[in-house]
Amino acid sequence: MVKSKNRVIMLADCQSFYASVEKVAHPEYEGKPLVVSGDPARRSGIILAACPLAKKYGVTTAERLGEALRKCPHLIVVRPRMAEYIRVSLHITEILQSFTDLVEPYSIDEQHLDVTGSLALFGSPDEIARRIQHRVMYETGVYVRVGISDCKVLSKMACDIYAKKNKDGIYTLKREELADTLWTKPVHEMFMVGSRMTRHFYKMGIHSIGDLAKTPLPRLTERWGVNGEVLWRIARGMDSSPVTPHSQLQQQKGVGHQMTLPRDYTDWKELRVVLLELCELVGRRCREKGLMGFVVSVGCQGADFDHPTGFSRQMKLSDPTNITDEIYGAACLLFRRHWNGLPVRKIGVSLSDLSPDSLVQLTLFGNRDRKRDLERATDGIKRKFGETAILRASSLQDSGQAQERSLRIGGHYK
Amino acid sequence: MSKKLQGNGLFESSRMMLPEHREAYIQHQQHLVHRTPPLIDPQAEEEMARVMAAALYTGSAVTITLFDEPEDIRLTGHVLRIDAARRQIRFDGDEGEGPEWIRLDQIIGAVAESGI
């Protein structure tokens, strides 16, 4: 299970990432509490990140902006710039890659690295961690905390439980000392344990991570199956996952886009406008990557999550495609067949079973060459002049979302 | 055995990344790998020579593709001279940067603009 040679694995975590990036970009806000919030104009917007100063006032991530302003009326509210955060995150990836080629992003602000092979070049793990901290601070202004251990889950917990709370922002969790360190910590601080799981564990008499590690495995697997075993292994620090840059990140199984609509759509005439926009996005991404897909899936959901409505269905095409019209044709067919007419709030289209588009079977019917030429031209215009340089006329209708969507990443402003 | 218990399964299944971040990361990784220039088939080479010669004599526009890191460069413009001895061409791009010499071995594709 565990490799004979001890690895040295780190997790580098950026402190209040979005807020830190904004503070560096706006030196005038130094020493003032700052939050990044979905839409500063709306008090119902949510806090995406709060700087350490704002956190001192009791502001937490994911709470409503109105609430945060009540706790701290002079709070500085900034709207998100997602594209910038992605750029900074990749800059940090690049810095980490100057220490080892084994770097794997876990989220926008957390990345694992395996420095086992770099020790001879850069010194002890602590030294490497300090150099990483220093360089990231110098080049991006972001403070990173580093958890060090010999596997990914322990490095994650070294960071979350210790490095985030100590003075240096660096902590090494040694396997030999688990009984005196990690195992004394309450179980809710463990990686992958949420509030619901904590409640279940308490009922079973499991209070600390050590209690969980000493619980016989069958007691956990008979209740939670594989997930029980996953948690048990995390508690014991059993983890052989490699740090790999060639993770599933790079292979693509499908290309999909979905969007949450600004209001409920109930009319097919409105829905088909957004459906076409989604098919256009999916088609374009596939064309850009040189891929074609065989299977079109369509899904939709109502606004009320307590009474879920909607469907998710897929169909196989007669030939693989990346032509917008053909994807749209299949999506419409699926939608008309399965939609029960109830209001729709969220809608998505995806294309899967992908293959390279360098080889195509000639079809007897339809005029694929013409469509392909047309899309090559429109894709080129969009690449050069921006997403909204050329649009379908239908997107100009009130129900169209293409223009609004082009301003956002992950639902937040670019 | 479940996927979560082997390989990188635990982290693959719990990773949280925006699709845009993912795309940008993939591009970033691709730029790290050095590309090798494609081997050009003699017939393709002949065809490119023919296209460029035709462009030189008729004065029509061509689009040439140059191999470069991290990605290929595409230039549209006119061929002013072909220097067979030095294996290079004098090329005037539409971008308005003035004529320049381009080595033949850097060119991996040539298409006549009027031919499309």
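# Briefing on chain A

Chain A has 15 helices and 14 strands; helices (H or I, at least four residues) and strands (E, at least two) are DSSP runs, numbered from the N terminus. This is a predicted model: local features need pLDDT of at least 70, side-chain atom pairs count only at pLDDT 80 or more, and totals for chains, interfaces and linings use all residues. Residues are numbered from 1 along each chain as its sequence is written, chains are lettered from A and ligands numbered from 1 in the order in which they are written, and side-chain values use heavy atoms, with hydrogens and water left out.

**Overall build**

- The C-alpha atoms of chain A fill a box of roughly 70 × 50 × 50 Å along the principal axes.
- Of the 414 residues in chain A, 48% are buried. Buried means under 20% relative accessible area, exposed means over 50%, and partly exposed lies in between (1.4 Å probe, protein chains only).
- Take the contacts in chain A between residues at least 6 apart in sequence: 65% of them join residues at least 24 apart. Contact means heavy atoms within 4.5 Å.

**The annotated binding site**

- UniProt places the feature "binding site" at A:Asp13 and A:Asp109, in an unreviewed entry. UniProt positions are given in the numbering used here, feature names are shortened, and annotations may be inferred rather than shown by experiment.
- These residues span 97 residues in sequence, yet no two of their C-alpha atoms are more than 5.7 Å apart, so they gather at one spot.
- The lining of the second largest pocket includes A:Asp13 and A:Asp109. A pocket, on a 1 Å grid over the protein atoms alone, is an open set of points where a 1.4 Å probe fits, with protein on both sides within 12 Å along at least five of seven lines; lining residues have an atom within 4 Å of a point.
- A:Asp13 sits in strand E1 (residues 9-14) of chain A. A:Asp13 is buried, at 4% relative accessible area.
- A:Asp109 lies in the loop between strand E5 (103-107) and strand E6 (110-114) of chain A. A:Asp109 is partly exposed, with a relative accessible area of 22%.
- Not counting residues up to four places away in sequence, A:Asp109 touches A:Ala12, A:Asp13, A:Cys14 and A:Phe17.

**A buried lysine**

- A:Lys156 belongs to helix H7 (residues 152-163) of chain A. A:Lys156 is buried, with 7% relative accessible area.
- The side chains of A:Lys156 and A:Glu110 make a polar contact at 2.4 Å. A polar contact is a pair of N or O atoms within 3.5 Å; within protein, one must be able to donate a hydrogen and the other to accept it, and residues adjacent in sequence count only if both atoms are side-chain atoms.
- Leaving aside neighbours within four places in sequence, A:Lys156 contacts A:Leu11, A:Tyr106, A:Glu110 and A:Phe191.

**Helix H1**

- In helix H1 (residues 17-25) of chain A, the buried residues include A:Phe17, A:Tyr18 and A:Val21.
- The cover over the buried residues of H1(A) includes E1, strand E2 (34-37), strand E3 (47-50), strand E4 (76-78) and helix H4 (82-97) of chain A.

**The four-stranded sheet**

- An open sheet in chain A has four strands in the order E9-E12-E10-E11, with antiparallel pairing. Two strands pair if DSSP finds at least two bridges between them.
- Strand E9 (254-265) and strand E11 (310-321) of chain A stand at the edges with a single partner strand each, so one side of each lacks a neighbour in the sheet.
- The twist averages 15° from one strand to the next. Axes are lines fitted to C-alpha atoms, for helices over the stretch in contact, and angles run from 0 to 180 degrees between N-to-C directions.
- Helix H12 (residues 268-289) of chain A packs on the sheet and touches E9, E10 and E12 of chain A. The direction of H12 makes about 160° with that of E9(A).
- Strand E10 (residues 291-301) and strand E12 (residues 344-356) of chain A run antiparallel and are joined by 10 bridges. A:Gly293 has A:Leu354 as its bridge partner in E12(A).
- A:Met292 is found in strand E10 of chain A. A:Met292 counts as buried, at 3% relative accessibility.

**Positive phi angles**

- Most residues other than glycine have a negative phi.
- A:Ala62 is not a glycine, yet has a positive phi of about 75°. A:Ala62 is in the loop between helix H2 (52-56) and helix H3 (65-71) of chain A, and counts as exposed at 53% relative accessibility.
- A:Met192 also has a positive phi, near 75°. A:Met192 is partly exposed, at 34% relative accessible area.
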